[in-house]
Amino acid sequence: MKTLYTAKATAKGGRKGRVKTEDGPIDLPLSMPKGLGGDGGDGVNPEQLFGSAYSACFGGALGLVAEKHKVDLGDFSVSAHVSIGKVEDGNLQISVILDCYLPGVEDIKTGETLVNEAHEVCPYSRATRDNIDVTLNLLRDE
């Protein structure tokens with residue numbers, strides 16, 4: 001791989017500590033969600049951070065794919081629902097649902113093509129492929 005960019009983030013204290021990027025834009029307290037036995041404090045958690053990053057990355061991939069197909073996405077958005085739970089062997093596992101809202105795309109087939117192609121090229125989708133369940137949803141105005 002030819003590296004184009006590297007970001008460095010450090011978390012101190014695990015899920016109850018703080019996460020900070022080396023260059024400074026992220027400097028946040030971490031809190032354990034109540035569903036995982038924590039106090040549900042005001043800090044962020046890894047699932048929120050992962051969902052934020054995945055939705056942004058997937059949105060970027062959608063933009064690239066739409067440009068290739070000469071399709072205007074309109075004021076589009078991607079929402080990532082990141083769940084954490086236990087699998088049969090007792091280990092923790094995450095799953096993701098990506099809700100893709102493409103108001104500029106009226107044709108369902110075109111929307112599905114764009115979402116599926118974005119899933120093929122998005123670096124987060126590629127990194128998680130065959131490791132976690134990812135569900136893709138195309139949302140439309142009714």
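Visitor: What pattern does the chain follow, read along the sequence?
Guide: Helices (H or I, at least four residues) and strands (E, at least two) are DSSP runs, numbered from the N terminus. The chain has 3 helices and 6 strands. Read along the sequence, the pattern is β-β-β-α-β-β-α-α-β.

Visitor: Before we go on, what are the ground rules?
Guide: This is a predicted model, in which local features need pLDDT of at least 70, side-chain atom pairs count only at pLDDT 80 or more, and totals for chains, interfaces and linings use all residues. Residues are numbered from 1 along each chain as its sequence is written, and side-chain values use heavy atoms, with hydrogens and water left out.

Visitor: What share of the 142 residues counts as buried?
Guide: Buried means under 20% relative accessible area, exposed over 50%, partly exposed in between (1.4 Å probe, protein chains only). The C-alpha atoms fill a box of roughly 45 × 35 × 30 Å, taken along the principal axes. Of the 142 residues in the chain, the buried share is 27%.

Visitor: How do β4 and β5 pair, and over how many bridges?
Guide: Two strands pair if DSSP finds at least two bridges between them. Strand β4 spans residues 77-86 and strand β5 spans residues 92-101. S83 stands opposite S95 in β5. The pairing of β4 and β5 is antiparallel, over 10 bridges.

Visitor: Which residue takes a positive phi in the hairpin of β4 and β5?
Guide: The hairpin has 5 residues between the strands. The phi in question is near 95°. The residue is G90.

Visitor: Which residues other than glycine have a positive phi?
Guide: Most residues other than glycine have a negative phi. One exception sits in the loop between α1 and β4, with phi near 55°. Another sits in the loop between α3 and β6 (133-139), with phi of about 70°. They are K70 and D130.

Visitor: Are K70 and D130 buried or exposed?
Guide: K70 has 75% relative accessibility, so it passes the exposed cut-off. D130 has a relative accessible area of 78%. Both K70 and D130 count as exposed.

Visitor: What is F58 in contact with, leaving aside its neighbours within four places in sequence?
Guide: Contact means heavy atoms within 4.5 Å. F58 has the most contacts inside the core along with L62, L73 and L114. Its partners are V78, L98, C100, V115, A118, H119, C122, S125 and L136.

Visitor: Where does the side chain of S55 reach?
Guide: S55 lies in helix α1 (residues 46-68). At 15% relative accessibility, S55 falls under the cut-off and therefore counts as buried. Not counting residues up to four places away in sequence, S55 touches V78 and A80. At 2.9 Å, its side chain reaches the backbone oxygen of G51.

Visitor: Which residues line the largest pocket?
Guide: The largest pocket has a volume of about 150 Å³. Helix α1 gives the largest share of the lining, 3 residues. The elements giving two or more residues to the lining are α1 and α3 (123-128). The lining is I26, L49, S52, A53, P123 and Y124.

Visitor: How is a pocket defined here, and how is its volume taken?
Guide: On a 1 Å grid over the protein atoms alone, a pocket is an open set of points where a 1.4 Å probe fits, with protein on both sides within 12 Å along at least five of seven lines. Lining residues have an atom within 4 Å of a point. Grid points are joined across faces, edges and corners, and the volume is the space filled by probe spheres set on the points.

Visitor: Which side chain makes a polar contact with R18?
Guide: R18 lies in strand β2 (residues 18-21). At 39% relative accessibility, R18 is partly exposed. A polar contact is a pair of N or O atoms within 3.5 Å; within protein, one must be able to donate a hydrogen and the other to accept it, and residues adjacent in sequence count only if both atoms are side-chain atoms. At 2.7 Å, the partner is D27.

Notes
A nonpolar core is a set of buried Ala, Val, Leu, Ile, Met, Phe, Trp, Tyr and Cys residues joined through side-chain atoms within 4.5 Å.
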